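Welcome! Let's take a walk through this protein together, one region at a time.

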Amino acid sequence: MAVRLGVIADDFTGGTDIAGFLVANGLRTVQLTGVPAPSTTVPADTDAVVISLKSRSIPAKEAVSVSLAALRFLQGQGAERFYFKYCSTFDSTPAGNIGPVTDALLGALGEDFTVICPALPVNGRTTYRGYLFVEDVPLHESGMRNHPITPMTDSNLMRLMDGQAEGRTGNVQAAVVTQGAAAVREALAALHTEGYRYAVLDAITNADLDVLGEAVADHTLVTGGSGLAAGLARALSGTAGERTSPWHEREGRTVVLSGSSSVMTNQQVAVYRETAPFLAVNVDQLVAAPDAYREQVLQWVLAQPADGLAPLVSATAPPEEVSRLQDAYGAHEVSEAIESMFGWLASALAEEGVQRFIVAGGETSGAVTTALNVTGFEVGPQIAPGVPWVRSISSGIDLALKSGNFGDVDFFSLAQTPHP
C-alpha cells in the first residue's frame with residue numbers, strides 16, 4: 001500500500017512536532033532524518049512519512065535543493081499528496097526560505113496554487129485576517145522579534161509571503177471558515193481564478209483546523225504548521241485516535257540539552273534549574289578553547305547522580321546576552337560553536353551509556369540527531385502538544401526534541417514522568 005502523505009519538515013523539532021500530531025490523529029507515521037538514500041525502505045503499513053531536514057536557516061538555494069531531493073524520495077514511496085511543514089511562528093527571513101521552497105515544490109509537482117497555514121491554536125498560534133498571533137499579541141510583538149536567526153518583524157503573512165515568493169497571496173478569512181469546508185473550497189477556487197498563487201487560511205480554534213483539513217484534503221501540496229496537518233490527518237484517516245505501536249519506557253540515564261533562547265525555553269530553564277543539576281554554558285570559554293571546554297562539560301554531566309532529575313546543560317540566554325555574544329563573536333560563529341558543542345556532547349554521552357536525551361531548540365536538535373547518526377524514528381506518545389517521544393530506529397536511543405516555544409514551564413520534568 002502506498003504512503004498516503006509525504007511530509008517535508010524544515011527542521012528536526014518541526015518533524016517530530018508534525019509526526020506526533022499525525023500519529024495522534026490516525027496515521028501510522030515514520031520519521032526519517034535528512035534526505036534518505038534511495039534504497040531506504042519504510043514499513044509496509046506506514047500511512048505517512050516525515051522527512052526532517054535542517055533547511056530552515058540555510059541559504060535559500062540549498063534549502064530548495066534538499067527539499068526537492070526529499071520530494072523525489074517521497075514520490076518514490078508512492079506518495080501523491082505532500083505537506084511542507086514549517087514552524088507555527090513562520091520562522092523565515094525576507095529572502096526565504098518558506099517562499100522559495102514552496103515555489104520549488106509547486107513547480108516540481110506541476111501545481112500553481114497552495115495554502116499557507118502556520119496556526120496551532122493549542123499552543124497559542126492563531127491567524128486572523130492573515131495576521132499571525134502568538135497568544136494575545138501579533139507575531140512581531142512576541143519574543144520571536146528577538147530570535148537570533150530568524151527574527152520576525154512583521155505579522156502579516158500575506159506581506160511576508162509576497163516578499164519572498166513568486167506570486168500573490170490572498171486570504172480566506174475566519175468568517176468563511178466558520179461556514180464549513182465547502183465554503184472554504186469555494187473561496188480557494190475563487191482566489192485561484194483571480195490569479196493568486198497562495199492563500200493564507202485563518203484559524204482561531206481547533207475546530208477551524210478540522211474544517212480546513214477537510215477543505216484541502218484533495219490538494220496535491222499543502223503547506224503549514226502541525227495544526228493544519230492534524231486536521232488533514234483526521235480527514236484522511238476518519239479518526240482522531242492514536243495509531244502507533246505500544247510504547248515502553250527505556251531505562252538508562254537521561255540528559256537535558258537546551259540551546260533555544262526562546263521566551264518559553266528561558267522560563268522552562270529557570271523553573272527546572274531550581275530543583276535539578278544545572279550547568280550554564282560559558283560561551284566565552286567555549287569560543288576561546290572549544291576542546292577543553294567541551295571535555296569540562298562532559299565531565300560535569302558524568303559526575304551528576306544517575307537518579308533523580310536529569311542534569312541540564314543550557315546555552316539558553318535572554319536577548320541581551322544573545323546580543324552581546326553575537327556582537328563579540330558574530331551570530332553565525334556563536335550558533336556554530338554552540339551547535340557543535342551539543343552535537344559532540346550528545347555523541348560522547350551516548351558512548352557513556354546515556355539512553356535518553358531531552359533537547360530544546362530546532363538547531364540544537366538537528367545537531368544532536370546528526371551527531372548521534374540518527375536516520376529515522378519510531379514516533380511515540382506526546383509529552384506536550386507537538387512534542388512526542390521518538391526512538392531512533394538504528395540505535396534505540398530515545399529523544400524528546402522540543403521546539404523552543406513549545407511546552408509548559410514544567411516541560412523538562414514532565415518529560416521524565418513515565419508515560420502511562
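A residue is called buried when under 20% of its relative area is accessible, and exposed when that value is over 50%. Keep in mind that this is a predicted model.

With that in hand, turn to helix H4, which spans residues 157-164. Its buried residues are Leu-157, Met-158, Leu-160, Met-161 and Gln-164. They lie on the same side of H4, because they cover an arc of only 165 degrees around the axis. What do these buried residues pack against? Their partners are helix H3 (98-109) and the strands E5 (114-117), E6 (125-128), E7 (131-134), E9 (169-172) and E10 (198-201). At the start of H4, Asn-156 has a side-chain oxygen within 3.0 Å of the backbone nitrogen of Met-158.

In soluble globular proteins, nonpolar side chains tend to be buried together. The largest nonpolar core here has 71 residues, and Leu-22 and Phe-357 touch the most other members. Helix H13 (residues 331-351) gives the most to this core, with nine residues. A second, separate core has 39 residues, including Leu-160, which we already met among the buried residues of H4.

Finally, look for Thr-40 in the loop between strand E2 (29-33) and strand E3 (48-52). Is Thr-40 buried, exposed or partly exposed? Its relative accessibility is 25%, so Thr-40 counts as partly exposed. Beyond residues up to four places away in sequence, Thr-40 touches Leu-32, Phe-73 and Gln-77.

Key
Residues numbered from 1 in each chain as written. Predicted model: local features only at pLDDT ≥ 70, side-chain atom pairs only at ≥ 80, totals over all residues. Heavy atoms only, no water. Buried < 20%, exposed > 50% of the residue type's maximum accessible area, 1.4 Å probe, protein only. Helix = DSSP H or I, 4+ residues; strand = E, 2+ residues; numbered from the N terminus. Arc of directions from axis to C-beta. Contact = heavy atoms within 4.5 Å. Polar contact = N/O pair within 3.5 Å; in protein donor to acceptor, adjacent residues only side chain to side chain. Core = buried A, V, L, I, M, F, W, Y, C linked by side-chain atoms within 4.5 Å.
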